[in-house]
Amino acid sequence: MVMRAFDLVSAETADQAVALLAEHGSEAMILAGGTDMLVDLKHDKHRPAVVVDISRAGDLKGIEITDEGLRIGALVTHTEIMKSPIVQENFPAMVHAAHTIGAVQTRNLGTLGGNLVTCVPSMDSGPTLMALDAEVAVAGPDGRRRMTLDEFFVGPRKTTLKENELLVDILIPKKNVGKPVDFLKFGLRKGQALALVNAASSFWVDWDKNAFVEPRISLGAVAPTVIRVPEAEAYLDGREITPDATAEAARLAVEAAKPISDFRASAEYRRDLIAVLTRRTLENAYDLAKAKR
Amino acid sequence: MDEKVKVADRGKTLEDLKQTDADLRLPSVVEPAHFPIETLAPEARQQTPAVGQRATRPDGRLHGLGQTKYIDDITFPNMLHAKIKRAGIAAALIKSIDTSEAEKMPGVMAVLTGNEIPVNSFGPSYQDQPVLAYERVFHAGDGVAAVAALTEQIAVEALDKIKVEYEPIEAVFDPMLAMQEDAPKVHPPHDNVYATKAIKKGDVEKGFAEADKIFEGRFSTQMIEHVPLEPHASIAEWDGNGRVTLWSSLGRITLGRADISRTLNMPINKIRIVGTVVGGNFGGKNEITTEPVLALLSKKTGRPVKMIYSREEEFIASTTRHPFIMDYKTGVMNDGRIVARKVRLVLDGGAYCSWSETTLGKACILSAGPYNIDNLHVEAFCTYTNKTMAGAMRGFGAPQVCFAYESHMDDIAHDLGIDPLEIRMLNAFEEGSLSPTGQVLQSVVVKESLQTAAERFGWKEFSK
Amino acid sequence: MTDVSMTVNGEERTASVPPETTLLTVLRENFFLTGSKLGCDVGDCGACTVLVDGIPVNACLMLAGQAEGRDIVTIEGLANQDGMHPLQQAFENLASLQCGFCGPGVIISAKALLEENPDPSVDDIRDALSGNLCRCTGYTKMIEAVQDAARIMRGESADEAA
């Protein structure tokens with residue numbers, strides 16, 4: 001369907017984009033990769049008077065290690081994540097997660113920031129980042145604020161981002177750079193499929209006790225937003241890494257999740273997937289930890 | 001093969017033909033910069049002698065060059081763009097349609113509603129489908145008004161301004177419920193069951209009585225959209241001599257001409273259809289859709305009018321594959337021999353008949369599978385529901401019943417502890433077997449095919 | 001209106017279009033390059049795939065204004081006066097397209113793949129074509145054609161029996 005009329009303005013920097021948002025108020029919407037936004041406009045879900053194109057904002061791009069940690073600009077595309085030597089070295093799971101999103105063409109357009117802001121429960125970039133305690137930085141008229149993804153995600157297609165704010169970058173804290181993490185997705189086909197369930201697990205290993213340290217388990221497509229599973233994390237923390245422990249964590253994850261039945265899968269099927277994916281991501285993360293040791 | 005062999009009666013060699021073909025195949029299209037002038041001589045299309053020759057598709061080159069012209073690649077001077085307003089409600093009486101606001105919009109050249117269509121009904125078997133719904137809505141994808149405008153965007157905005165007042169009525173969505181006496185009627189006063197068929201062979205009750213075991217199972221399949229990559233598309237041009245030319249993605253243009261002639265109430269010789277290259281059909285483009293609407297919009301405006309279905313319209317306003325509910329009851333001997341089978345098929349036809357009758361017939365004949373069954377009783381029903389209509393789609397009902405009888409077969413084999421291949425070999429058709437309708441079958445290779453397939457994918461090793 | 005200028009198949013092209021116009025619409029309706037197709041309009045089918053600065057994207061998911069100053073290659077840019085692109089030749093030879101509607105997008109995706117990876121595995125090809133839907137069931141022959149074209153482009157001879 002053709003889109004309704006709007007004005008297009010282009011922002012060269014994040015600050016310019018924030019200024020343009022302030023100028024046009026609720027009439028304006030941000031356009032980055034466009035893989036969600038333009039689809040919504042074609043389906044007449046929004047009727048913005050002004051579209052602020054940020055796709056040329058240089059300060060929203062780039063992947064780098066800073067004093068604070070691994071910073072990924074909101075405009076970084078899924079393909080750029082896959083090809084980044086920094087990400088490849090530190091977080092193969094992020095490369096894998098990016099690879100499971102859409103297909104080549106949409107990965108070349110779609111951005112990490114856009115994926116997080118659109119905030120669908122099945123987003124494939126969410127679980128890995130959440131399992132790494134990633135934070136997002138948001139710029140608004142009153143400056144910038146940081147928050148964890150837990151705080152950022154509110155519900156399906158809903159975040160704490162205000163009308164006049166812009167997601168600037170994503171930060172994986174310094175202490176977690178290199179933390180073993182694994183991501184798995186189950187979709188009905190390899191390309192162009194939304195996750196029925198996706199999951200990520202990360203932890204450090206106390207090699208003296210062969211025990212979980214700071215375990216994180218995160219699940220997608222099983223609740224209104226990507227969620228963490230504190231019950232399973234608390235259970236695992238400090239516990240010896242055994243098949244029984246991972247199985248129990250998987251059980252706790254199933255218990256904590258609230259999957260729904262829809263045309264893609266039944267809640268029952270999703271619960272089975274949660275158990276399997278949770279267990280496998282824990283096992284894979286452990287293998288990764290052993291390889292890195 | 002001897003390249004110099006004379007081609008019958010023409011005195012030309014294959015070489016001559018190749019040369020003629022190559023000469024003819026020099027590309028001649030609008031943008032000369034974008035394709036090769038000096039072609040690398042393609043393998044000529046060898047009309048004859050053809051056996052044993054490697055063939056390529058004659059249209060393959062243009063496809064690959066992006067030079068094939070589908071409907072949406074064709075444009076005419078002064079062409080308008082049409083859009084259709086969809087009902088968005090499954091069952092309702094239409095109280096009023098107010099198009100006045102839309103007509104006032106700058107850029108809107110014409111608006112059309114169902115009452116302006118000379119004969120507002122069509123369909124390949126029963127003419128039960130309105131071109132544009134006017135008094136009653138039968139499913140949510142029904143068109144209720146059409147707009148022709150200077151741009152697609154204006155046409156879309158005009159649809160917003162068309163106000164339709166509906167009085168919702170009770171809808172029925174489940175084919176099993178639709179078959180019940182007291183179900184709301186989709187097309188009153190007619191029954192919801194609009195086509196039935198039965199096949200009887202031998203004595204099925206006697207067969208069940210003789211059987212060692214009886215198996216029962218219910219199988220169902222879902223509605224499937226064809227999803228041709230090219231959506232339905234047409235362009236209509238009504239000329240000053242009272243003739244209409246339609247460029248259409250329609251797959252059956254002769255049938256289409258007859259249907260259009262009927263709806264427009266004009267002689268068929270005044271209607272010309274140019275069937276363009278079709279970007280995928282699969283049975284979904286076997287009947288007319290918007291052609292009469294575009295013809296009338298063109299008549300109203302005196303300008304060519306184009307309409308391309310949106311992907312959403314492709315799902316809600318074109319035909320689909322019938323969902324089936326299939327009940328199987330089969331009597332078998334302990335050795336796996338089938339002695340009796342009863343099949344009951346319920347086809348969910350959606351709001352209109354379309355090609356349901358054909359689908360019903362094929363499904364019935366094939367529902368017993370390629371197996372010798374002496375005592376057979378098949379009964380099948382096709383019923384209206386207030387959903388997107390089901391029509392022709394590759395196989396005409398064969399894939400649905402195949403899923404059912406083969407699943408059923410596996411269930412039986414599993415229960416009897418017989419190898420799934422073996423139970424099929426035991427029952428499969430042979431040369432001279434009788435089909436359920438009494439046809440003597442020839443060139444039957446079911447068993448050979450099964451054996452070869454089993455060997456090739458290593459069935460024995462797999463099933464160990 | 002938004003004034004846009006971009007390089008299309010090596011030529012500077014300009015147009016003045018409403019801001020809500022997609023790159024695909026500009027290519028098809030302003031530049032009359034109708035090889036790129038509108039299939040689903042939401043980035044699922046890949047029939048509109050074009051190269052933007054060398055990478056394949058869905059032209060239906062990019063505004064014309066976002067393509068300002070960029071280098072666009074469409075299916076029309078592959079063949080030249082001297083002959084077809086090896087991919088186009090291979091797709092013709094192996095009859096890899098049936099209705100052909102998905103073809104231009106598939107060939108553009110394959111071109112992007114071969115430029116990055118001259119010797120792709122079958123899995124690489126599948127991954128590269130995963131954003132291009134074909135409904136006439138032609139992936140097998142497409143993969144063979146991409147392999148053939150890759151061999152030609154590497155200077156080997158195509159194995160037609162592949």
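**Stop 1: two strands side by side**

Select strand E16 (residues 338-350) of chain B together with strand E17 (residues 375-384) of chain B: the two run parallel and are joined by 10 bridges. Strands here are DSSP runs of E with at least two residues, helices are runs of H or I with at least four residues, and both are numbered from the N terminus. Two strands count as paired if DSSP finds at least two bridges between them. For one such bridge, show B:Val343, whose partner in E17(B) is B:Val378.

Before moving on, a word on the model you are looking at. This is a predicted model, in which local features need pLDDT of at least 70 and side-chain atom pairs count only at pLDDT 80 or more, while totals for chains, interfaces and linings use all residues. Residues are numbered from 1 along each chain as its sequence is written, chains are lettered from A and ligands numbered from 1 in the order in which they are written, and side-chain values use heavy atoms, leaving out hydrogens and water.

**Stop 2: the other neighbor of E17(B)**

Keep E17(B) and select strand E7 (residues 193-201) of chain B. E7(B) and E17(B) pair in the antiparallel sense, over 8 bridges. Look for B:Thr196, which stands opposite B:Phe381 in E17(B).

Is E17(B) mostly covered or mostly open? It is mostly covered, with 9 of its 10 residues buried. Buried means under 20% relative accessible area, exposed over 50%, and partly exposed in between (1.4 Å probe, protein chains only).

**Stop 3: all of chain B**

Zoom out to chain B, which has 14 helices and 17 strands. Its C-alpha trace spans about 75 × 75 × 40 Å along its principal axes. Of the 464 residues in chain B, 54% are buried.

**Stop 4: where chain C meets chain B**

Show chain C too. The contact (heavy atoms within 4.5 Å) takes 40 residues from chain C and 40 residues from chain B. The two chains bury about 3200 Å² between them, 52% of it on carbon and sulfur atoms; buried area is the accessible area (1.4 Å probe) that two parts lose on being put together, summed over both. In chain C, select C:Gln81, C:Glu92 and C:Arg135, which lose the most area to chain B.

How many salt bridges cross the interface of chain C and chain B? The rule, a side-chain nitrogen of Lys or Arg within 4 Å of a carboxyl oxygen of Asp or Glu, finds 4. One to display is B:Arg61 with C:Glu92 (2.9 Å, N to O).

**Stop 5: where chain A meets chain C**

Finally, bring in chain A, where 31 residues are in contact with 30 residues of chain C. About 2300 Å² is buried between chain A and chain C. In chain A, A:Arg56, A:Gln105 and A:Leu109 lose the most area to chain C.

Between chain A and chain C there are 3 salt bridges. Select C:Asp41 and A:Lys42, which form a salt bridge with their closest N and O atoms 2.6 Å apart. Strand E1 (7-10), helix H2 (37-42) and helix H6 (104-109) of chain A each supply at least two residues of the side that touches chain C. The largest share, 6 residues, comes from H6(A).
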